[in-house]
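Colleague: I am new to reading models like this one. Could you take me through a few features?

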Amino acid sequence: MLVEKKLRGEITAFLTIIFVLLAAFICSIVEIASLHEEKCIQRTNMDLAIYSVFGEYQKELLEQYHVFGIDAGYETGNYSEQAITGRLRYYGAEKMEHNITDLQFLSDNQGAAFYEQVLYYMESKYGVGLVREFTGLTGSWEEQMIQGEAYYEEKNSAIEDLKLAEEVDKAEQSIEQIKDSGSSFFLERVLPKEFAVSAQTIKLESMPSRRALNHGYGSFMQRDTSGPVQKLMFGEYLLKNFSSALQPAEESGLSYELEYIIGGKESDRENLEVVTGRLTLLRFAADYIYLMTDEGRKAEAETVAFGICLLLLMPELSEIVKNILLLVWAYQEGIQDVRNLLAGRKVPLAKTSDTWKVPLSGILRKGDYAAVGGNRSTEDGLSYGDYLRILLFLCGKEECTMRSLDMIETELKVKRKLSFFRIDYCVAKMKIKSKATLRQGLTYEFQTEFSYR
């Protein structure tokens, strides 16, 4: 006999609620994942777009000066942020609203972004070892320039004292020549005879360092660029990428770019005069310091001073005249040093008896006394470029940076025929806030940042 058993299926209210909640949770997870995927797609599109926009850097700027920058004028000469956001949409970020919140040009903050890029380039290409041998010398460079200026003032003051002490009717040719040796500095006195000075000029009021610039806004993380190593690295970049009086640039613009960066004048001639003047003071300090240790030359100056004062019947002026002779002698030696540098020769930082050029008789003669002593040179020592390295380090950081941008803009506008180019239109860093519309009217806001390194 078969017994039939019936099984009854049922579900409780509790299990029903659990099932509904579990299904809702799974659907929520799927929806969240779907929304997250859409957000990732929008971010990816934006990343691709901004990388593409920053990939449209000014190629001549990179090729010649190893610096990145977007020409935000897009070769029209007219800056427009809409042009940048338009390029973002062109490269795939079209379904978004874009608002540039932070922007930095190469010329902002006295060329801070340009300075940073130069340091990154120099460090990656050459390493800080490039300037290691100079790091311990920078303090002596500064001290030497200060000493040169002080000795120059002392020389002029001593000559004025002599003028007051001397009776006019007793003035002899020797004293007149000493006065002439202490007269104002002229470029012709240091130039080699065969040196032809460039006549090129620029208009300072049109340079980025002088004109009203287009400025960025917002803030970015900045690396520390205030140390002497960074300044030396920037100087090496300038020496490698800009022309000088011994290696002048061709065509129009300024031929002596490094001299302009140091001097900041509108003509090659004026800038060369500034540089040679500073070099003379630098050499004056070193030469005078050596001269005060050379007992033989000091005795020679004392003898000549005593003889001059005897002729004038004014022996009480002997010490004053001796001091003037030593100062003027060192100054003329400095002039001869600069002349040798401009002739392509080397000059040691510290003199010896063998490397001294100008005899004492040279400063007591009428005429070209700076050339007396010949053009003997030494294989040891520093070249004109080496001394420019010192002057570039002593130049103010902001002035040096902005004048570098002056020369870059001049080079690209005048020599490369890019008349539309402006350094204050070149974007180096940017932050953009974007708003994307997802499905069902949902919106997603996010920020994207890019900067050249």
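Predicted model: local features only at pLDDT ≥ 70, side-chain atom pairs only at ≥ 80, totals over all residues.

Colleague: What should helix α7 span, and how far apart are its end C-alpha atoms?

Modeller: Helices are DSSP runs of H or I with at least four residues, numbered from the N terminus. The expected span is 1.5 Å times one less than the number of residues. Helix α7 has 14 residues (228–241), so it should span 20 Å; its end C-alpha atoms are 20 Å apart, which agrees.

Colleague: Which residues of α7 are buried?

Modeller: Buried means under 20% relative accessible area, exposed over 50%, partly exposed in between (1.4 Å probe, protein chains only). Among the buried residues of α7 are L232, F234 and Y237.

Colleague: How many disulfides does the structure hold?

Modeller: A disulfide is a covalent bond between the sulfur atoms of two cysteines. The cut-off is a pair of cysteine sulfur atoms within 2.5 Å. The structure holds 0. For C400, the nearest cysteine sulfur is that of C395, 4.4 Å away.

Colleague: Are C400 and C27 buried or exposed?

Modeller: C400 is buried, because its relative accessibility is 4%. C27 is exposed, at 52%.

Colleague: How do strands β3 and β4 run?

Modeller: Strands are DSSP runs of E with at least two residues, and two strands pair if DSSP finds at least two bridges between them. Here 9 bridges join β3 (426–437) to β4 (443–451), which run antiparallel. K435 has E445 in β4 as its bridge partner. The two strands form a hairpin with 5 residues between them. Q440, in the turn, has a positive phi of about 60°.

How values were computed
Residues numbered from 1 in each chain as written. Heavy atoms only, no water.
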